[in-house]
Structures are given as structure tokens and as C-alpha cells.
Amino acid sequence: MTSYLGVQVSDPTLQNQFTQVELRSLKSKFTAVKNEKGKVTIGDLPSLLVTLKAFASTFKEEEVAGLLAQSFPDLTVDIDFEGFLRVYLNLQGQANAKSGHSKTASAFLKASITTLLHTISHSERALYVAHINSYLEDDPFLKQFLPLDPATNDLFDLAKDGVLLCKLINVAVPGTIDERAINCKKILNLWERNENHTLCLNSAKAIGCTVVNIGTQDLVEARVGLIYLRFVANIIPMILQPHLVLGLISQIIKIQLLADLNLKKTPQLVELVEDNTDIEELMSLAPEKLLLKWMNFHLGKAGYEKRVSNFSSDLKDGRAYAYLLNVLAPEHCNPATLDAKTALERATLVLDHAEKMGCKRYLKPTDIVEGSSNLNLAFVAQIFHRRSGLSTDGKKYAFAEMMTDDVQTSREERCFRLWINSLGATYCNNVFEDVRNGWILLEVLDKIKPGSVNWKHATKPPIKMPFRKVENCNQVIKIGRQLKFSLVNLAGNDFVQGNKKLILAFLWQLMRYSMLQLLKNLRSHSQGKEVTDTDILHWVNKKVRSMGRTSRIENFKDKSISNGIFFLELLSSVEPRVVNWNLVTKGESDDEKRLNATYIISVARKLGCSIFVLPEDIMEVNQKMILTLAASIMYWSLQKAVEEGESLSPAPSSCNTCNATPDASPAPSVCGEDESSSIAGDVSSLTIDDAASDTTVSSSPFDNEEVTSAGGE
């Protein structure tokens with residue numbers, strides 16, 4: 001299959017910020033300013049940037065030079081095309097801030113629930129500060145700095161070390177970060193601060209936040225050839241820009257507020273549908289949509305004639321709130337609310353009513369009247385948590401329980417959903433529902449294998465004609481076979497029908513392909529050979545042995561992995577100072593195993609590995625998730641060796657094993673480094689067929705997992 005390849009960028013989240021038209025135009029202009037050596041320096045950029053339409057009317061050449069000098073003291077250093085794109089995006093954010101445009105004021109962070117970029121208002125900032133003061137007031141470390149004053153820079157001063165953001169993530173999704181891995185001191189050095197921010201960003205992605213343009217790779221790579229320390233010193237202030245901090249906090253708090261809006265945690269939501277056949281549709285709704293459905297359900301019972309379709313304009317007059325609160329808490333009903341002469345007066349009475357119900361007063365009447373979507377969403381979510389007004393229909397409740405997935409299926413769905421969202425594709429809320437039209441799968445394939453999708457033969461949602469969905473899914477299957485996936489008797493209609501087993505099996509092969517291809521691209525280590533599960537197994541055992549340890553695993557389902565000791569030794573071997581052995585248990589009881597497992601995950605993320613593993617995956621030795629963990633650590637270690645061995649060469653793409661485009665440029669070779677021969681030595685004599693889902697050492701690390709059609713199950 002042939003298709004137009006276009007301009008490709010190794011970082012998928014970066015590529016996602018530009019259309020192909022924009023990339024071709026910028027690439028052409030960038031190439032035009034190359035010197036006789038074929039290089040472009042930071043000093044060449046001001047004259048180029050001021051000719052671009054985005055900046056021509058905003059900046060003068062000397063202003064651009066001054067802004068660049070703040071981040072790059074040495075203007076003679078070379079910069080590659082990706083570095084130029086990052087400079088462009090950063091300058092674009094400053095241009096919009098200067099001109100007063102709000103469209104891209106949060107240009108580096110994209111909300112996980114909505115893709116609308118917005119300016120954080122003073123009211124939102126006050127809400128976030130109040131939320132932090134309320135939920136973290138008893139935290140052993142942070143309580144000395146609380147309460148924060150929303151009128152000052154207290155929030156940003158406290159956020160600069162990364163501790164606050166890590167703690168807030170744990171409030172939203174308890175247990176995400178092992179707090180033993182957080183560097184908690186009043187004064188942190190640059191490295192400790194960087195570790196906290198790396199841990200924060202990777203953990204934020206692991207709970208569903210979408211971090212755009214600033215990711216782990218920005219923290220651990222000198223993408224334009226600067227010395228590591230200087231680069232980190234430049235990039236951390238960028239992360240701590242107020243709108244970036246508030247944008248990330250906004251996402252984290254949204255995830256916390258909407259966490260219970262699903263049938264698994266709140267089965268009473270089944271009351272929102274009349275027919276059992278609609279429950280499956282209910283399960284596919286995003287939490288934000290489900291909250292609106294809940295609100296409209298009660299408004300319908302209250303006799304409110306309009307339908308609320310958003311959290312802004314539809315709520316400005318306060319009438320919907322008045323009807324909702326009257327039906328949920330009639331004992332506090334005030335007839336004057338609906339008869340109020342102005343929207344502001346009605347909003348005031350609505351907040352009084354909510355306060356009597358026990359809702360904290362986080363927003364002001366003007367916030368309702370002005371239609372602040374974030375504040376209104378937070379307010380409605382607070383009302384839902386305080387009083388949902390839902391009863392339990394025994395029959396529907398039982399049916400809803402039957403509809404929920406088993407634990408293992410739920411875990412795998414979560415992992416693949418978060419991985420898909422980390423790639424910058426269309427936001428995926430529920431894998432089993434959202435992949436049925438094939439579009440998201442095509443986007444993922446195009447991310448990990450650029451040019452593989454023939455977009456002329458693809459149909460973008462919404463798709464009304466069922467056969468168009470089948471066409472999309474058939475193309476997915478076709479590309480999968482070209483990538484040598486094991487797809488026995490599988491047809492596109494199996495995806496359209498929502499066969500969960502087949503969807504999970506296909507996504508695993510897709511994720512594994514991305515992972516192994518990324519490792520293969522380190523050709524200085526693999527000598528261009530296919531990297532297999534076997535090679536990863538050899539590498540982890542050899543790495544642990546090189547530190548004088550005796551631990552060894554036979555495969556990725558070795559039961560000895562469950563106590564966590566092997567992976568802690570592996571992490572210590574790639575970065576000796578990262579594991580505090582005083583915190584490690586013997587892993588004899590389940591509680592001790594869990595402590596080690598949570599510590600492993602946080603330490604790996606602290607290094608810079610973007611992983612979506614749960615403690616249970618390590619404790620129960622989920623071989624697929626164990627492989628992703630091992631591969632991510634391996635990739636981080638090999639990249640580190642490249643950076644240390646070739647300080648003058650551009651750094652490779654990301655240490656995000658499951659997140660970067662596998663066809664990135666090959667990394668430079670490392671001379672005199674033990675790593676340089678580790679993979680080559682292991683794979684030089686291997687001729688293992690990587691087309692199958694699994695590979696073998698003496699016994700297969702994975703049982704052969706073929707994807708077969710429903711008829712073949």
C-alpha cells in the first residue's frame with residue numbers, strides 16, 4: 001500500500017501540534033537558512049521567525065533574539081528541525097499572551113476531558129487553591145506551607161519543587177505515586193527538583209492527563225545539543241510558567257471530581273437509562289457527558305423544558321441550577337430563586353441553596369453568570385457527590401454488574417487507553433467502544449508507523465454508514481498483517497462488533513511492535529537486527545549480573561518477579577542512586593510485595609520511563625506488563641549511554657518506550673561503553689522470527705497469542 005509520507009517528527013506529541021501543510025512550510029523555511037555546513041544555529045532563528053505570519057506583527061527581530069537568549073545563552077549552538085518546532089511553539093505561546101489572545105494561553109497542556117484550550121481565570125485559580133488547602137491541609141510535609149493565599153504567588157512558589165503536584169496526583173487517584181520516591185525537603189537541588197517533575201509528568205500521564213509539548217523527554221534530553229545541566233536549568237522554569245502549572249492542576253482536579261462517574265464505582269447511574277440495551281451506550285460515555293446526562297435526567301423530572309448541553313452558556317441564567325437543586329434538596333427550596341429579577345441574584349440564591357446541602361462555596365455568583373465551564377463542571381460534580389438523587393433498581397443494578405468487565409480485562413483496557421492517549425491521537429474514553437469505527441486505530445498506526453495509513457480510503461467520525469466503519473477496520477487489519485501481526489481469520493467486522501478479546505490482543509501486538517521498533521532504532525546496539533522479547537530478557541539479566549547481583553529471571557512470567565527484588569536491582573544497576581534500599585522490603589507477604597511494586601513503578605517514572613503498569617501487574621506477574629516495564633527501563637538506560645558517550649551529537653527521541661514514534665532517527669554509537677556491545681552481542685547469533693506475538697529463550701516468555709476471529713475462539 002502506498003500513501004504520502006509527508007514530514008515526519010520523531011516525537012508524536014510534537015507532530016500532533018502541526019498539520020502537514022504547516023510542517024512542510026516550516027521545514028522549507030528551516031532548510032533555506034542552513035549554512036554551508038548544512039547546519040542551523042540558534043542565532044539564525046530570529047531573522048527567520050520574524051518572517052513568519054504568526055510573529056510578523058507581534059515581534060521585532062531583536063525581541064525574538066532577546067527571548068531566545070533567555071533559554072539559550074550560546075546562540076552559536078546548532079539546532080535541529082524538532083528543536084526549531086519547539087522554539088516556534090514556545091514563541092507562539094508568548095505571542096498570544098502578548099497580544100491578549102486566549103486561544104493558546106495553555107498551549108503546552110491539553111485537558112484530558114476536553115480539547116478546548118483556555119486562559120485560567122482568577123476565579124479558577126482561587127478554586128484550585130481552595131481545593132489544595134482543603135485536601136492537603138493535613139499532609140505531613142505540605143501542611144507547613146498551607147493554607148495558600150490565592151491572591152499571591154504562593155501556589156507557584158510551592159509548585160516549583162514538584163512535591164505539591166505529586167501529592168495532588170495522589171489525592172486524585174490514591175496510590176499512583178509511592179510517596180517514598182518523592183524528594184521531600186525544604187531545599188532541593190536541581191537534580192532532585194528535576195526528578196520530582198519527571199515523576200509528576202509521567203504519573204500525570206498514567207492517570208489520564210494529556211501533557212502536550214512538555215514531556216519527560218524535555219526534562220532528560222538536551223535536544224539541541226546543550227549541556228544537560230544547562231538545558232534542565234532552562235526547561236524547568238518553562239514548566240513552572242503559571243499557566244502550565246494551573247493547566248496541569250486543572251486536569252488533575254477534573255480527574256478527581258469525575259472519578260466516580262462510571263458504572264463500576266456508581267452502579268446507581270444505571271437509573272439514567274430506561275432500557276437494559278442502553279446500558280452499554282451509557283458505559284461508553286465520557287465522565288463529562290455522563291455528568292450532563294445525570295443533570296438532564298433530574299431536570300426532566302423537575303419539569304425543566306430545556307436540555308443542558310454544556311457547562312457554560314446553558315447555565316448562565318441559573319435557572320437550570322435552581323430546578324436541579326429543588327428536585328435534589330427540596331427541604332432547602334427557596335421559591336424566590338426562580339422569581340429572581342436578574343441572573344446574578346438567582347446565582348447568589350443557588351449558591352446559598354447548595355451551601356445548605358453541604359457543598360463548599362468554591363465559586364462566586366459572577367462565575368455562574370459569566371459561564372465559566374471549568375468552574376460550573378466542578379460545581380455540578382460537587383452537587384453529584386453530595387446528593388446524586390439516584391435510587392437502586394434491583395434488576396437494573398444486577399444487569400449493570402453483569403456488564404462490567406473482569407478485573408484483568410479492565411486493567412488491560414486502562415493500560416491501552418492511557419497509552420493511546422499518550423500518543424496524541426483522538427482522545428479515547430473507552431477502548432472497547434471508541435475503537436469500533438476504526439478511526440482511532442488508524443491514527444495510532446499512523447503514529448507508530450508513519451505513512452502506513454491510506455487516509456483517502458478512511459472515513460472520519462461521526463460515521464453513520466456501518467460499512468464505512470468496516471472499511472476503516474479492514475484497513476487496520478491489512479496494516480497489521482503488513483507489520484507481521486498474528487491475525488488469524490480476523491476481519492474488520494470483529495472490531496466493529498466490539499469483540500473485547502480480539503481488540504485487546506490486537507492492541508497488545510500494536511503496543512509491543514511500537515516498543516520493539518523503538519529499541520531496534522538504537523542500531524548502534526542492535527546492529528539493525530530485529531529486537532525481540534528474548535533480547536530484552538538477556539539484557540535485563542546481564543545488567544543485573546553486571547552489578548554483582550545473583551538474581552535472574554527465566555522469562556517474563558517468572559514467579560520470582562512478584563516480590564519486586566529483581567526489578568529494584570535492575571533499576572539500581574541502571575542508576576545506582578535512584579533506589580533507597582532502606583525502603584525495600586523482603587517481599588515475603590502480600591503487603592510487602594505491594595510496597596515494593598509501588599516503589600518500582602514510581603522509581604521508574606522518576607527516572608523518565610513512561611509506563612502504565614499497576615502494582616497488581618507486578619505482584620501477579622502479568623507477563624505483558626512486565627515486558628513493557630523491562631523494555632522501558634532498557635530503553636532509558638541505552639539512551640543514557642548514548643547521551644553520555646556522544647555529548648556533541650543530537651540526543652535521540654524520548655525515553656518514553658510506549659510513547660514515541662518507532663521510526664525515529666537512529667541514535668549515535670557509543671564508543672568504549674559496556675552498553676555498546678550488550679545488545680549486539682546478544683542478538684548477533686539470533687535468527688528469531690519476530691512475526692509471531694511471542695519469542696522464546698529456552699521456553700517462550702509468552703505463550704503464542706494469536707488473534708482469531710470469533711468463530712475461531
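**Close-ups of a predicted model**

**View 1. Thr-598 and the residues around it.** Leaving aside residues up to four places away in sequence, Thr-598 touches Asp-178, Arg-180 and Pro-615. All of this comes from a predicted model, so keep that in mind for every view here. Thr-598 itself is found in helix α30, which covers residues 590–607. With a relative accessibility of 15%, Thr-598 counts as buried, because the cut-off for buried is under 20%. Look also for the polar atom of the Thr-598 side chain that lies 2.9 Å from the backbone oxygen of Leu-595.

**View 2. Helix α28 meets helix α29.** Here we have α28 (residues 533–546) and α29 (residues 565–574), whose axes come within 9 Å and cross at roughly 70°. On the α28 side, the contact is made by Trp-539, Val-540, Asn-541, Lys-543 and Val-544. Helix α29 brings Phe-566, Glu-569, Leu-570, Ser-573 and Val-574 to the contact. Sorted by class, the residues where α28 meets α29 are 6 nonpolar, 2 polar and 2 charged.

**View 3. Phe-141 and Phe-145, an edge-to-face pair.** The model has 14 aromatic pairs in total, and this view picks out one of them. The ring centres of Phe-141 and Phe-145 are 5.7 Å apart, and with their planes at 65° the pair is edge-to-face.

**View 4. Phe-495 and Phe-506, a pair across two helices.** This one is edge-to-face too: the rings of Phe-495 and Phe-506 have their planes at 70° and their centres 5.3 Å apart. Phe-495 belongs to helix α25 (residues 492–496) and Phe-506 to helix α26 (residues 500–520), so to speak a link between distant parts of the chain, 11 residues apart. Phe-495 counts as buried, with a relative accessibility of 1%. Phe-506 is buried as well, and its relative accessible area is 1%.

**View 5. The ring cluster that includes Phe-495 and Phe-506.** Step back from the previous pair and a cluster comes into the picture. Which residues do the ring pairs link here? They are Phe-485, Phe-495, Phe-506 and Tyr-513.

Note on methods
Residues numbered from 1 in each chain as written. Predicted model: local features only at pLDDT ≥ 70, side-chain atom pairs only at ≥ 80, totals over all residues. Heavy atoms only, no water. Axes fitted to C-alpha atoms, helices over the stretch in contact; angles between N-to-C directions. Helix = DSSP H or I, 4+ residues; strand = E, 2+ residues; numbered from the N terminus. Contact = heavy atoms within 4.5 Å. Nonpolar A, V, L, I, M, F, W, Y, C, P; charged D, E, K, R; others polar. Buried < 20%, exposed > 50% of the residue type's maximum accessible area, 1.4 Å probe, protein only. Polar contact = N/O pair within 3.5 Å; in protein donor to acceptor, adjacent residues only side chain to side chain. Phe/Tyr/Trp six-rings, centres within 6.5 Å; stacked < 30°, edge-to-face > 60°.
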